[in-house]
2 protein chains.
Amino acid sequence: MAPIRNARVVFNEIPRTYPEPGKTTVYDDKPTIDIENLKTDGGFVLKTLFLSIDPYLRGRMRPPEIPSYVPAFKIGEPLESHGVGVVVRSDNQGLKVGDHLYGMLTHEEYTIHRSFDGFRLLVNEERLPWSVYLGAAGMPGKTAYAGWREYSRCQRGQTVFVTAGAGPVGSMVIQLARLSGLKIIACAGSEEKVEFIRSLGADVVFNYKTTSTQEVLNKEGPLDIYWDNVGGEALDAALSVSAVGARFIECGMISTYNEGPKPVHNLMQVISNNLCMHGFIVFRLERQYDNDFYWNVPQMLGRGELKYSEEVWRGLEKVGDAILANQKGMNRAKLVIKVADE
Amino acid sequence: MAPIRNARVVFNEIPRTYPEPGKTTVYDDKPTIDIENLKTDGGFVLKTLFLSIDPYLRGRMRPPEIPSYVPAFKIGEPLESHGVGVVVRSDNQGLKVGDHLYGMLTHEEYTIHRSFDGFRLLVNEERLPWSVYLGAAGMPGKTAYAGWREYSRCQRGQTVFVTAGAGPVGSMVIQLARLSGLKIIACAGSEEKVEFIRSLGADVVFNYKTTSTQEVLNKEGPLDIYWDNVGGEALDAALSVSAVGARFIECGMISTYNEGPKPVHNLMQVISNNLCMHGFIVFRLERQYDNDFYWNVPQMLGRGELKYSEEVWRGLEKVGDAILANQKGMNRAKLVIKVADE
């Protein structure tokens, strides 16, 4: 077999505000790969099926000298994100052609891997679409599951507020809160997303672009738990209506990723109301919750006890646009790039 | 005995920024009291000896419709704060003339109390100056003691940063941290205060008015614990050098009390570094730590194992000036008003 195309998406330039497709990231369809004849050194070749587009990717588009919990992308090298691939050639005894793997994938159509380290073999007895292993059954769902169990200390009848409620993290949090018998206030940025949130069982839902978060919370608070995916104004509003002893679970601050931090005025509430503000990155909780998560969540998704929503864009060349849409909240649901059919 | 003067300090006007002596608060020496002939209804008359001047008093100078953890002062009525008084008349079987009580005292020379509720009888076997029961052996010391035990999860060799290190809270935190074997970075706003901090055993001390907090922390961090008494810029700097899993103990934000909240830019660190930010008000921890605190701390102060520093101003008429000095950090040490000799 002759070499075939192995297109990729390269990190080209550090953005100042929002990433610009074609400038921040560049699609490059020139590379080729000769799958049959290349040397794997006992490794395997993975064909990329799905790539996950997540808010935190913006944080990797930074100067490499700024430290953070994940390395900066390198100029001139492909992006990477969580993905699902299928093994198309294996010289590794533990893997066979057709096996599906979940892990960090580079943004290219095929990748040679020397080792299975860091990957998870997806058995998928529930026959979920593979893309779901990037959302509800993947890193975002696990973020919600681990963070909720570790920090919520929830009790039946308490009130939780969830921002970005239609995203894969927020929608899982809402459903976990519903299973725990909480009163759920949740918001998102479009009517369609708000309807999805309503379908998950949230009690009070609103579009934060057309309704004042502060006014809703003044009426529906005080809050025992705030699950924060956005930071900025919503965090400020949540602080202002916090109950004594409330838990603030700080999961994301997307309002600050592209336009810088917004001033938060109500931090004194942390003191006045004995708040506990827990921030976390999911990989630091994985050892504790991974087995439990994969034991429970795919099953519950398969039986329909947990719902999910996703938006699949076709084509590796769409990665740049998808990242921008995700940063702007223009996507309707969990964004996934379908790179190829099996 | 004829009626005698019973001067008081009245809350007169809500301040916009810093409180103004004579305007925000007014000293009124017209009232009188007839201690022998008044009716106590089974209560007692307390002569005010010492009144505590604390940063949180600024928070009580607010419009009453704004809720908080302590009631707003009422226009036209005397201030109140922690104080120590001596019983000069008692119709209560449990109290005798000469007993010393600690509790919330109104800012007047004598007060009639119907009930002992809320007061603590000071036995003072250690023969500490009574004023110390307003500082190291009082609410501020207890704030440090309870907050440190509840939230620090400290381990020998870890690094803690303490702001307002010369105050009664900060200086107690430094000493508790020293007893736990931590590396202590601490600051204050004058050379005299810095020397006091050094004498407590802090490892790295600096005057934040002449030395950049950010630069010191860049060099001496990362921080496992930040004890925050000031908020604003120092909180921002501490966030920027936090270690993964650090505890931020939010005790006060005096930088914001008079001039409003300053923007905090580094809140994303709460997420990136899995921080846990605990805010607290000491009265919510008193049930848990009061016995322990009064069992240990006065003894340790008496034996010189814990040190304290205080600044005593003479005269009830000084309350307004003392509150302003305290808000501006112009006092050298824990500020106490000596209202009268025994």
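Which handedness does the crossing of α5(A) and α6(A) have? In this predicted model, the crossing of the two helices is right-handed. Helix α5 of chain A spans residues 213–220, and helix α6 of chain A spans residues 232–240. The pair packs at an angle of about 20°. The axes lie 9 Å apart. Angles under 35 degrees count as roughly parallel, and α5(A) and α6(A) are therefore roughly parallel to each other.

The residues that meet can be named for each helix. From α5(A) come Thr213(A), Gln214(A) and Leu217(A). Their counterparts in α6(A) are Ala237(A), Ala238(A) and Ser240(A). By class, three residues of this contact are nonpolar and three are polar. No charged residue takes part.

An annotation covers part of chain A. An unreviewed UniProt entry places the feature "domain: Enoyl reductase (ER)" at residues 59–337 of chain A. Over residues 59–337, the chain is 30% helix and 24% strand. The end C-alpha atoms of this stretch are 19 Å apart.

Chain A also forms an interface with chain B. The contact involves 30 residues of chain B and 30 residues of chain A. The size of an interface is often given as the accessible area lost when the parts come together. Between chain B and chain A, the buried area is about 2300 Å². Carbon and sulfur atoms give 66% of that area. On the chain B side, the most area is lost to chain A by Leu267(B), Ile271(B) and Asn274(B). Together these three residues account for 24% of what the chain B side buries.

Key: Residues numbered from 1 in each chain as written. Chains lettered and ligands numbered in written order. Predicted model: local features only at pLDDT ≥ 70, side-chain atom pairs only at ≥ 80, totals over all residues. Heavy atoms only, no water. Axes fitted to C-alpha atoms, helices over the stretch in contact; angles between N-to-C directions. Helix = DSSP H or I, 4+ residues; strand = E, 2+ residues; numbered from the N terminus. Parallel < 35°, antiparallel > 145°, perpendicular 65-115°, else oblique. Left-handed = near helix turned anticlockwise from the far one by under 90°. Contact = heavy atoms within 4.5 Å. Nonpolar A, V, L, I, M, F, W, Y, C, P; charged D, E, K, R; others polar. UniProt positions renumbered as here; feature names shortened; annotations may be inferred. Buried area = accessible area lost by both parts, 1.4 Å probe.
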